[in-house]
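Subject: Structure handover

Hello,

Here is the structure for you to look through. Please open it first, then read my notes below.

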Amino acid sequence: MEFKPFEKKVWLASPTMHGDELKWIYDAFEKNWITTAGENINEIEKQLSAFIRTKYAVALSCGTAALHLAIRLAGEKIYGIPKVGHGALEGHKVFASDTTFDATVNPIAYEGGEAVFIDTERETWNMDPIALEKAFEIYPEVKLIVVAHLYGTPGKIDEIRAIADKHGALIVEDAAESLGATYKGKQTGSFGDYDIISFNGNKIITGSSGGMLLCNEKEDADKIRKWSTQSREAAAWYQHEEVGYNYRMSNIIAGIVRGQIPYLGEHIAAKKAIYERYKEGFKDLPVTMNPYDEVNSEPNFWLSCLLINEEAMCRQVRGEKDALYIHENGKTCPTEILETLAKYNAEGRPIWKPMHMQPIYINNPFVTAQGNGRARSNAYIAENGCIDVGADIFNRGLCLPSDINMTDEQQDIIIQIIRSCFE
Ligand SMILES: *Cc1c(COP(=O)(O)O)cnc(C)c1O
């Protein structure tokens, strides 16, 4: 290779700041609203609920906190209010996306529930409605589904909603990665009974941290506001009738988010250009990009990903923490590409390792489109032709440097570096 390593690291997804963020931080200082209340918070709640088209939005400390409260609220709606010290989902199974970041599913465990992981489909890399239907055949008592949109690509929302309605289940929608992405013209973050978004540092817009819960009932929004500020009752003293949390967003963080919101469209356009440039650069290679439903959806293109065709995969073995591969001419694998990118000071990342493969969740059920992928034996899986789609995408896929701050020239070099892996 002729290239020198990048002098400044090319990141997977770093913050893209514009200066307006500082204005709202100063504003908070000038008004001395240096707390978990203030104009910045009110303003971003108003702006984002209007944009996503939900009636209410509650700004919280992070997306994970929003998921926790959404899942707790759903649990209380379904199973009633638990005794103090108990989770709202104790003894209950919950269907959850499998190929996602673990923050999607950990709150199920916080509330004492057991996640049943639903395998991934190949058209959008999200929860497979066929596997979800299978899961209801096996566990008809389940009443809650937690579903994420991976890498900013909307999943099969209509199908999943229809299945949920048929079985009387609630949906918590994790739109942490997909803010600004639409499905049939509607924003992700508006399809669940409770929805969440995130402003983590690597997301499409950021507050350095932060998250938001979206819902359509005033009663629910009020409850979330109360829970997130230690469940204080309306009394002169600290009066508590429910367990509370310290999950509210800071007005300083909200200032950063407020400064970022006007640039969401610009960020999405830049991410889409990155995706299209990769697609063009790889069009003659034995690979595909992360797919989406081009008729019904418009992703936010948060991360661009590559999937290597089966026949172009060299041998690669992954243990729990290490990976090895053997290079073969004309073939490569995610491990080789990621190591090569790192050598040139560029950051890629493996596909999010599916939850059913994670040591913490190794005993949780997992359901594929063909039936129960784990609760039965390997022989059953082989006989019934069960295909673990999530494991396959993890094995053959990777996330590419998708940073808005990356220049076209840098991206062209990254494309050449990746092409060289196939030599
Ligand atoms: C980032 C992320 C979260 C968590 O958001 P935080 O704000 O980092 O707590 C949840 N789910 C998914 C899919 C994410 O990517």
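A residue counts as buried when its relative accessible area is under 20%. Phenylalanine 282 has a relative accessibility of 2%, so it is buried. Please keep in mind that this is a predicted model.

**Aromatic pairs**

Phenylalanine 282 has a ring partner, tyrosine 278. Their centres are 5.6 Å apart, with 10° between the planes, and the pair is stacked. Tyrosine 278 is buried too, at a relative accessible area of 0%.

How many aromatic pairs does the structure hold? It holds eleven. Another of them joins tyrosine 275 and tyrosine 292. These ring centres lie 6.0 Å apart and the planes stand at 65°, so this pair is edge-to-face. Tyrosine 275 sits in helix α9, residues 264–281. Tyrosine 292 sits in the loop between β10 and β11. They are 17 residues apart, and the pair links distant parts of the chain. Tyrosine 275 is buried, with a relative accessible area of 3%. Tyrosine 292 is buried as well, at 15%.

There is also a ring cluster, in which ring pairs link Phe95, Phe136 and Tyr139.

**Charges over rings**

Look at tryptophan 24 next. The charged end of arginine 258 sits over its ring, 3.5 Å from the centre. Arginine 318 lies over the face of phenylalanine 394, and here the distance to the ring centre is 4.4 Å.

**Helix α9 and its partner**

Two packed helices are described by the angle between their axes and the distance between the axes. Helix α9 meets helix α13, which spans residues 408–421. Their axes come within 10 Å and cross at roughly 35°. The crossing is right-handed. Which residues of α9 meet α13? They are Ile274, Arg277, Tyr278 and Gly281. On the α13 side, the residues include Asp408, Gln411, Ile414 and Arg419.

**The four-stranded sheet**

Strands of a sheet pair through backbone hydrogen bonds, either parallel or antiparallel. Methionine 289 stands opposite leucine 306 in β12.

**The three-stranded sheet**

A further open sheet runs in the order β7-β6-β11, with antiparallel pairing. Its edge strands are β7 (186–187) and β11. Strand β6 (residues 182–183) is joined to β11 by two bridges. Tyrosine 183 has serine 297 in β11 as its bridge partner.

**Strand β3**

Strand β3 covers residues 114–118. Is it enclosed or open? Four of its five residues are buried, so β3 is largely enclosed by the rest of the structure. Five bridges join β3 to β2 (residues 93–97), and the two strands run parallel. Phenylalanine 95 stands opposite valine 116 in β3. Phe95 is also one of the rings in the cluster above. β3 pairs with β16 (residues 366–368) as well, through two bridges and again in parallel. There, isoleucine 118 stands opposite valine 367.

**Two single residues**

Threonine 16 is in the segment before α1. At 11% relative accessibility, threonine 16 is buried. Leaving aside neighbours within four places in sequence, its contacts are Glu21, Gln260, His267, Ile404 and Asn405.

Proline 107 is in helix α4, residues 106–110. Its relative accessible area is 0%, so proline 107 is buried. Not counting residues up to four places away in sequence, it touches Thr64, Leu67, His68 and Ile71. Glutamate 141 is 34 residues from proline 107 along the chain, and their C-alpha atoms are separated by 20 Å.

Best wishes

Notes: Residues are numbered from 1 along each chain as its sequence is written. This is a predicted model: local features need pLDDT of at least 70, side-chain atom pairs count only at pLDDT 80 or more; totals for chains, interfaces and linings use all residues. Side-chain values use heavy atoms; hydrogens and water are left out. Two strands pair if DSSP finds at least two bridges between them. Rings of Phe, Tyr and Trp (its six-membered ring) pair if their centres lie within 6.5 Å; planes under 30 degrees apart count as stacked, over 60 as edge-to-face and the rest as tilted. Buried means under 20% relative accessible area, exposed over 50%, partly exposed in between (1.4 Å probe, protein chains only). A charge sits over a ring if NZ of Lys or CZ of Arg is within 6 Å of the ring centre and within 35 degrees of the ring normal. Axes are lines fitted to C-alpha atoms, for helices over the stretch in contact, and angles run from 0 to 180 degrees between N-to-C directions. A crossing is left-handed if the near helix is turned anticlockwise from the far one by less than a right angle, and right-handed if clockwise. Contact means heavy atoms within 4.5 Å.
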